[in-house]
Amino acid sequence: MPMKCVLVLAAALISPLALADVYKCVETDPATGQKRVTYTNSRDAKDCERLSRDLPVSSVPGTSTGKASAASPSSGSFPKVSSDDQRARDADRRKLLETELATEEASLEAARKALDEADAVRYGNERNYQKKLDRLQPFQDAVAQHERNIEALKKELSNLR
């Protein structure tokens, strides 16, 4: 019997949450100037408008209105690039990726060196080995990030024609 009371009480407390108002907020990123739409149930949000309760809520994107088809590359007015221009662009891209790869490999070596230096030191308050592992974690994360970046750059270079 007490379990039924708890369930009824929980249902009674949760049911008003289902009737909460939804607000649509349009924010502009000051750095990039791009607009971002967020939805909230908070009344104190700035520059937000309350959505009508009778509107259906869906997280599925709507169907296209035809504007996207007009801008598709299959249209006859889409500009063509000559093969020489495309080869030049591909060469520039390859050069840029190779430069980024060299920079990333240098950063990986620096991160590994910093990890080795930090690993060689053990402070007095690190009697517990876990404290040392916690201190080394940011260095290990940096090494792993550089390794992932190098792998992605090599994959991108292999995909070039």
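Student: Leaving aside its neighbours within four places in sequence, which residues is Arg122 in contact with?

Tutor: Please bear in mind that this is a predicted model. With sequence neighbours within four places set aside, Arg122 is in contact with Arg127, Asn128, Tyr129, Lys132 and Arg135. Arg122 itself sits in the loop between helix 3 and helix 4.

Student: Is Arg122 buried, exposed or partly exposed, and why?

Tutor: The class follows from the relative accessible area: under 20% is buried, over 50% is exposed, and partly exposed lies in between. Arg122 has a relative accessible area of 44%, so it is partly exposed.

Student: Which secondary structure elements does the protein chain contain, and in what order do they run?

Tutor: The chain comes to four helices and three strands. Read from the N terminus, the order is α-β-β-β-α-α-α. Of its 161 residues, 12% are buried.

Student: How does the reach of helix 4 stand against the span expected at 1.5 Å a residue?

Tutor: Helix 4 covers residues 129-159, and its 31 residues reach 44 Å from the first C-alpha to the last, close to the expected 45 Å. For helix 3, with 38 residues, the reach is 55 Å, close to the 56 Å expected.

Student: What do the buried residues of helix 3 pack against?

Tutor: They pack against helix 4, and the buried residues of helix 4 in turn pack against helix 3. On helix 3 the buried residues are Leu97, Leu101, Glu104, Leu108, Ala111, Leu115 and Ala118. Those of helix 4 include Val143, His146, Ile150 and Leu153.

Student: Glu104 is a charged residue in that list. Which side chain of opposite charge is nearest to Glu104?

Tutor: The general idea is that side chains of opposite charge can pair when their charged atoms come close. For Glu104, the nearest such side chain is Arg148, 9.5 Å away, and this buried residue has no salt bridge. The side chain of Glu104 does make a polar contact of 3.1 Å with the side chain of Asn149. Beyond its sequence neighbours within four places, Glu104 is in contact with His146, Asn149, Ile150 and Leu153.

Student: How many salt bridges does the structure hold?

Tutor: There are six. One of them joins the side chains of Arg87 and Asp84, at 2.8 Å from N to O. These two residues of helix 3 are separated by about one helical turn, because they are three residues apart. Both Arg87 and Asp84 are exposed.

Student: Where do the partners of the salt bridge between Glu156 and Arg93 lie?

Tutor: The closest N and O atoms of Glu156 and Arg93 are 2.3 Å apart. This pair links distant parts of the chain, with Glu156 in helix 4 and Arg93 in helix 3, 63 residues apart. Glu156 has a relative accessible area of 29% and is therefore partly exposed; Arg93, at 38%, is also partly exposed.

Student: Which residues do salt bridges that share partners join into one network?

Tutor: Begin with the bridge between the side chains of Arg112 and Glu109, at 3.6 Å from N to O. Both residues lie in helix 3, three residues apart, about one turn of the helix. Through shared partners, salt bridges join Glu109, Arg112 and Glu147 into one network.

Key. Residues numbered from 1 in each chain as written. Predicted model: local features only at pLDDT ≥ 70, side-chain atom pairs only at ≥ 80, totals over all residues. Heavy atoms only, no water. Expected span 1.5 Å × (residues − 1). Buried < 20%, exposed > 50% of the residue type's maximum accessible area, 1.4 Å probe, protein only. Contact = heavy atoms within 4.5 Å. Salt bridge = Lys/Arg side-chain N within 4 Å of Asp/Glu carboxyl O. Polar contact = N/O pair within 3.5 Å; in protein donor to acceptor, adjacent residues only side chain to side chain.
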